[in-house]
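Subject: Structure handover

Hello,

Here is the structure we talked about, passed on to you together with its sequence. My notes follow below it.

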Amino acid sequence: MKGHIIDHSKAVEFILGGKSLFTFLNTKSDNRFTYKVKKHKIDDVYFVSVLTSPDVYQYIGMIKNQEYTHTRKSKISKESQSVRVFDFVFSKLKTANLPEFIEIWHEGKCGKCGRTLTVPSSIKSGFGPECIKMFK
């Protein structure tokens with residue numbers, strides 16, 4: 001798997017960066033799901049999609065006020081494992097209560113702008129050198 005593991009304490013910031021691409025990996029079962037979260041251009045709303053086949057992401061819901069909601073526009077059931085995993089992990093991250101066997105991997109792209117990360121400190125944080133300044 002390419003990319004880098006994101007520290008659980010920094011994961012919500014990364015996920016809500018604006019243009020994040022990441023994978024949740026359960027190291028006990030080896031199950032994993034890859035998600036894309038994009039911020040609305042104006043409003044403080046984030047659209048969540050899950051990778052369903054190579055290079056195809058399907059919308060599953062939105063995040064508003066740091067709360068994930070599965071919406072009617074999703075073509076994937078609220079009961080599907082990929083939706084349940086996102087809801088579980090995101091809610092556990094917000095309370096700093098995520099089990100250690102869950103790893104969060106970014107895909108080597110900046111969580112804010114989506115550009116490829118090349119600087120070692122940027123690869124570690126998940127944000128490029130210019131974009132990380134917006135979070136400090």
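Gln66 is found in the loop between β5 and β6. The model is a predicted one, and in it Gln66 has a positive phi of about 60 degrees although the residue is not a glycine. Gln66 counts as partly exposed, with a relative accessibility of 39%. Asp30 sits in the loop between β2 and β3. With a relative accessible area of 52%, Asp30 is exposed, because the cut-off for that class is over 50%.

Strand β6 covers residues 67–70, and Thr69 is part of it. Thr69 counts as partly exposed at 39% relative accessibility. Not counting residues up to four places away in sequence, Thr69 touches Gly61 and Met62. Phe135 is 66 residues from Thr69 in sequence, and their C-alpha atoms are 25 Å apart in space.

Next, the core. The largest nonpolar core has 30 residues, and the ones that touch the most other members are Phe22, Tyr35, Ile60 and Phe86. Elements that each supply at least two residues of this core are α1, β2 (19–26), β3 (32–39), β4 (45–53), β5 (56–64), α2 (81–94) and β7 (102–106). The largest share comes from α2, with 5 residues.

Neighbours within four places in sequence aside, Phe22 is in contact with Phe14, Ile15, Phe33, Thr34, Tyr35, Val37, Phe86, Ile104, Trp105, His106 and Glu107. Two of the residues named above for touching the most other core members, Tyr35 and Phe86, are on that list.

Ala11 lies in helix α1. Its relative accessible area is 1%, so Ala11 is buried. Beyond the neighbours within four places in sequence, Ala11 is in contact with Ile6, Leu93 and Ile104. Ala11 and Lys94 are 83 residues apart in sequence, yet 9.0 Å apart in space, C-alpha to C-alpha.

The largest pocket has a volume of about 240 Å³. There are 13 residues lining it, and Ile6, Asp7, Lys10, Lys124 and Ser125 are the closest to its centre. At least two lining residues come from each of β1 (4–5), α1 (8–15) and α3 (120–125). α3 gives the most to this lining, with 3 residues. By class, the lining has 5 nonpolar, 3 polar and 5 charged residues.

Last, the cysteines. How many disulfides does a search of the whole structure find? The search finds 0. For Cys110, the nearest cysteine sulfur is that of Cys131, 3.7 Å away, and Cys110 is in no disulfide. Cys110 counts as buried, at 1% relative accessibility. Cys113 is in no disulfide either, and the nearest cysteine sulfur to it, again that of Cys131, is 3.8 Å away.

Regards

Note on methods:
Residues numbered from 1 in each chain as written. Predicted model: local features only at pLDDT ≥ 70, side-chain atom pairs only at ≥ 80, totals over all residues. Heavy atoms only, no water. 1 Å grid on protein atoms, 1.4 Å probe; cavity = no way out; pocket = protein on both sides within 12 Å on 5 of 7 lines; lining within 4 Å. Points joined across faces, edges and corners; volume = space filled by probe spheres on them. Helix = DSSP H or I, 4+ residues; strand = E, 2+ residues; numbered from the N terminus. Nonpolar A, V, L, I, M, F, W, Y, C, P; charged D, E, K, R; others polar. Core = buried A, V, L, I, M, F, W, Y, C linked by side-chain atoms within 4.5 Å. Buried < 20%, exposed > 50% of the residue type's maximum accessible area, 1.4 Å probe, protein only. Contact = heavy atoms within 4.5 Å. Disulfide = S-S within 2.5 Å.
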